[in-house]
Amino acid sequence: MISFKPVELADKATIEHYTHPSECRNCDMSFANIYCWRAFHQTHWAVVEGFLIIRFLIDGREQLGYMQPIGEGDFSHLLPLLEQDARENFGQPLRLYGLCREGRKCICESSLCHDFAFDDDRALSDYIYLADDLRSLAGRKYQPKRNHLNRFLNGYNYRYEPLTPDHFEACLQLEAAWRAARTSDTDSEAMRHEQRALREAFDHWQELDLMGGVLYVDDRLAAFTYGSRINYDTFDCHIEKADTQYEGIFAAINKLFADHLPAEFTYINREEDMGLEGLRRSKLSYYPTLLWPKTTALLLGDEQRACKALWQEVFGDEEAFVDRFLIHHFRSDRMLRIEEDCAEPSTLTNPKNRKLLSMLHLLPFRTEEGEHVGYIYGVATTPEARGRGLATRLLQEAIQRAQAEGMKALILIPADDQVRAFYAHHGFSGEVPVRLLATADFDFGTGTPDHDRAMVLPLSAEFSTPPELELHKD
């Protein structure tokens, strides 16, 4: 049994005893980030057999995660302990988060490798730069950045200062104005949590060893940034806000802050892009020296292993694609299934001695108008069980369940004309252009979004099939 405790300021020295000497450059392992976001993530920590373990709620919701254990050598012997903690205390499977390449290799070389699914979500990768590159902006590739910078330096009466408590109130006012300009709902959840983390940082500035800078135009605060150490050679920029009415302001605060960082920092981590295209372009334009991967690993249960085996047998999709579905979108209560007893004896991988013959995933989506609809996905039957009406049974069950849940329609994308004919027989119709939007860049369509065409089964007289559909994963 692992004795986890909530993160407190007094834990800083102990946690940094493990993080500062390590090669981990993950922004999530900066103590200031851990502390300032502890309420949102309900973060706890423990030291087990010489390894630091951070436990938290992913995205502040119900899903439990464990950061890659930080310590010397192989941590795979800790996996059974973490699995026990997740299962016995939370009733959840073990989910490791933020694995670097060495961390993933550690699991892959263990006896448990084949029990895990892995996913590299590009939106979570940290952008890490050579500090000297951000200071000098040397070479032809940085010419556009130098142009932006010079427009600011030559166009405004500015001054740069280290961020101190004297600037906090002005920074909070700038952040509030920045937030209000970007959403009609200034109390949106994500921004509210970021504001809380900002206030935590300002409330404990010295204790957290934070460093920052502010940029004034005339006597008006125009930009601020701050961050903290991750390890012995990497600094993490936690936040950067600026008034974009000043041309080149972001290039200026970025460069001037890098100029004032201690020379001991070889690298600057500017965190992830969260899958936002504009932010991705901006971060790439500074030419990161590396993208720090943050792999998620999920210890699969019996249902997920059976789903994966049937999926690959029927569809032949690459393992990485199936793993991404299992990690981000699989829910046991959304998988309708038909099983039968196995002739083979019970095994560790199939203790229930049951074989999955057919499955259907009934996934909740929303239309642009907010209507609750169901998306039918991953319908598969083993070759030896075909012709027995199993898919029909599951489809009828899905329709009944969707009606009971108040779904307005069922939607699917048929793979070919034969499949289209099967669903048409059950009341589905149409060839509606559809976009399916989901987290982790998962493609619920055919792989060619411009060619995705949906069939629709209305379940309510209120639902009218539009000429085009845009569906958002619930």
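What is the strand order of the open sheet of seven strands, and what kind of pairing does it have?

Reply: The model is predicted, so local features require pLDDT of at least 70 and side-chain atom pairs pLDDT 80 or more, while totals for chains, interfaces and linings use all residues. Residues are numbered from 1 along each chain as its sequence is written, and side-chain values use heavy atoms, with hydrogens and water left out.

The seven strands of this open sheet run in the order S8-S9-S10-S11-S12-S7-S13, and their pairing is mixed. Its edges are formed by strand S8 (158-162) and strand S13 (290-292); each has a single partner strand, so one side of each lacks a neighbour in the sheet. On average, neighbouring strands here are turned by 25° against each other, direction ignored. Strands (E, at least two residues) and helices (H or I, at least four) are DSSP runs numbered from the N terminus, and two strands pair if DSSP finds at least two bridges between them.

Within the sheet, strand S10 (residues 220-229) and strand S11 (residues 234-242) are joined by seven bridges in the antiparallel sense.

A helix pair may be described in the same terms. The axes of helix H7 (residues 143-155) and helix H10 (residues 249-260) come within 8 Å and cross at roughly 100°. H7 and H10 are therefore roughly perpendicular (65 to 115 degrees). From H7, Lys145, His148, Leu149 and Phe152 meet Ile249, Ala251, Ala252 and Lys255 of H10. That contact comprises five nonpolar residues, one polar and two charged; Ala, Val, Leu, Ile, Met, Phe, Trp, Tyr, Cys and Pro count as nonpolar, Asp, Glu, Lys and Arg as charged, and the others, Gly among them, as polar.

Definitions and conventions
Axes are lines fitted to C-alpha atoms, for helices over the stretch in contact, and angles run from 0 to 180 degrees between N-to-C directions. Angles under 35 degrees count as roughly parallel, over 145 as roughly antiparallel, 65 to 115 as roughly perpendicular and the rest as oblique. Contact means heavy atoms within 4.5 Å.
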